[in-house]
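Please look at the sequence and the structure first.

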Amino acid sequence: MTELASAFPLFTLATITYNSGKWVKQAIESVLASSFIDFEYLISDDCSTDDTWKIIETYKDERIKAWRNENNIGEYPNRQKVLNEAKGKYIFYIDGDDVLYKDTLQTLQNYITFFPNAGMIWGIPTREIDFAILPYEFTPEQVIKLIYLTRLPLFSVIGFAETVFNTKLLKLIGGFHASHLIGDIYVKRKLALASNVVMIPEGLSYWRRSENQASSRAHKNYRVFIDMHNINMEILLDKNLPLSEEIREIAQVNVKISEVKRLVENTLLKGRIRDFFMLCKRLGFSIADLKYLFKKGNYSYKPIHDISIPLQNEYNFKNTKPV
């Protein structure tokens, strides 16, 4: 008999599926094989048309609560549906084509014990972070500056399989909205306004990139461009933005420069003149904004002045007495 997790476990493992029949067996079995057992496992199939649901039904493990949506509701409503059901203190999305590494939850439990006030944990490429010894807990001000005042690309590509959310805080910011095509970026930035983020070395799970993924499909049209613009504006105009007015303006200019250059590159330079004017109208841009094509952004923020003295905390240096 599998030992059950507590009524309010440390983790909710969440798998959302849609036509994941090729990989879902690996996803489920990797979760059930975890060396850390204090978790509940929620699986929400979004009315798959392949054999995904039949595969899910074969698993009778008591830790699993699974359901199949009567209609296809879409990625982010499906993530929200799982979030609404979650009882774990932290929620970790392992999608139907991901594989959870066996000792990941135990490692996360160690981080959570040391950083109990963090709203999120992000697994990131260590090569991108030469200014901190990971794990390191960053404040909202530091995270927002890293996003908008540096050229580090990693803060836009951290996937669900490398992100752990404090469930209560994710619910408090409203969770996921059906209107977003890149809702993962939205919730991470929204939550970063109000809570610390612990950045750790990437490698929480194995996650595939394929044409069938919602994230891959989303980046094939202008709607993502518009969604990213709206997200940036909401974040940078938020009353809780932890930046001075001067720094806020620098961040807004950086965004405008980037967006105008991308707009021109993807429309005028490809002969799509009609698209250019359509997007200008949707984004509230004017012809005068073309001046940003000739400007350089201010990406001078550095969390430290001397790279030989990186940010650090006691996690890697605090002695642990043998049991």
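Which residues does Ile 16 touch, not counting residues up to four places away in sequence? Ile 16 touches Ser 44, Glu 75, Asn 78, Arg 79, Val 82, Ile 94, Asp 95 and Gly 96, where contact means heavy atoms within 4.5 Å.

This is a predicted model, in which local features need pLDDT of at least 70 and side-chain atom pairs count only at pLDDT 80 or more, while totals for chains, interfaces and linings use all residues. Residues are numbered from 1 along each chain as its sequence is written, and side-chain values use heavy atoms, with hydrogens and water left out.

**Single residues**

Ile 16 lies in strand S1, residues 11-17. Strands (E, at least two residues) and helices (H or I, at least four) are DSSP runs, numbered from the N terminus. The C-alpha atoms of Ile 16 and Tyr 93 are separated by 7.8 Å, although the two residues are 77 residues apart along the chain.

Gln 142 belongs to helix H5, residues 140-148. Beyond its neighbours within four places in sequence, Gln 142 is in contact with Tyr 136, Glu 137, Tyr 301 and Leu 311.

Asp 289 sits in the segment after helix H11 (273-283). With neighbours within four places in sequence left aside, its contacts are Lys 256, Val 260 and Gly 284.

The table lists relative accessible areas; buried means under 20%, exposed over 50% and partly exposed in between (1.4 Å probe, protein chains only).

| Residue | Relative accessible area | Class |
|---|---|---|
| Ile 16 | 9% | buried |
| Asp 289 | 11% | buried |
| Gln 142 | 17% | buried |
| Cys 47 | 18% | buried |
| Cys 280 | 8% | buried |

The structure holds zero disulfides, a disulfide being a pair of cysteine sulfur atoms within 2.5 Å.

**Nonpolar cores**

In soluble globular proteins, nonpolar side chains tend to be buried together. A nonpolar core here is a set of buried Ala, Val, Leu, Ile, Met, Phe, Trp, Tyr and Cys residues joined through side-chain atoms within 4.5 Å. The largest nonpolar core has 52 residues, of which Ile 91, Phe 138, Phe 165 and Met 199 touch the most other members. A second, separate core of 31 residues includes Ile 56, Tyr 59, Phe 92 and Leu 204. Outside four places in sequence, the contacts of Phe 165 include Tyr 90, Ile 91, Met 120, Phe 160 and Leu 191.

**Helix packing**

Helix H9 (residues 222-236) and helix H10 (residues 245-266) pack at an angle of about 170°, with their axes 11 Å apart. Axes are lines fitted to C-alpha atoms, for helices over the stretch in contact, and angles run from 0 to 180 degrees between N-to-C directions. H9 is therefore roughly antiparallel to H10 (angles over 145 degrees count as roughly antiparallel, under 35 as roughly parallel, 65 to 115 as roughly perpendicular and the rest as oblique). Among the residues making this contact are Phe 225 and Met 233 of H9 and Val 255 and Leu 263 of H10.

Helix H7 (residues 183-192) packs with H9 at about 10°, with the axes 10 Å apart, so H7 and H9 are roughly parallel to each other. Here Ile 185, Tyr 186, Arg 189 and Lys 190 in H7 meet Met 228, Ile 231, Asn 232, Glu 234 and Ile 235 in H9.
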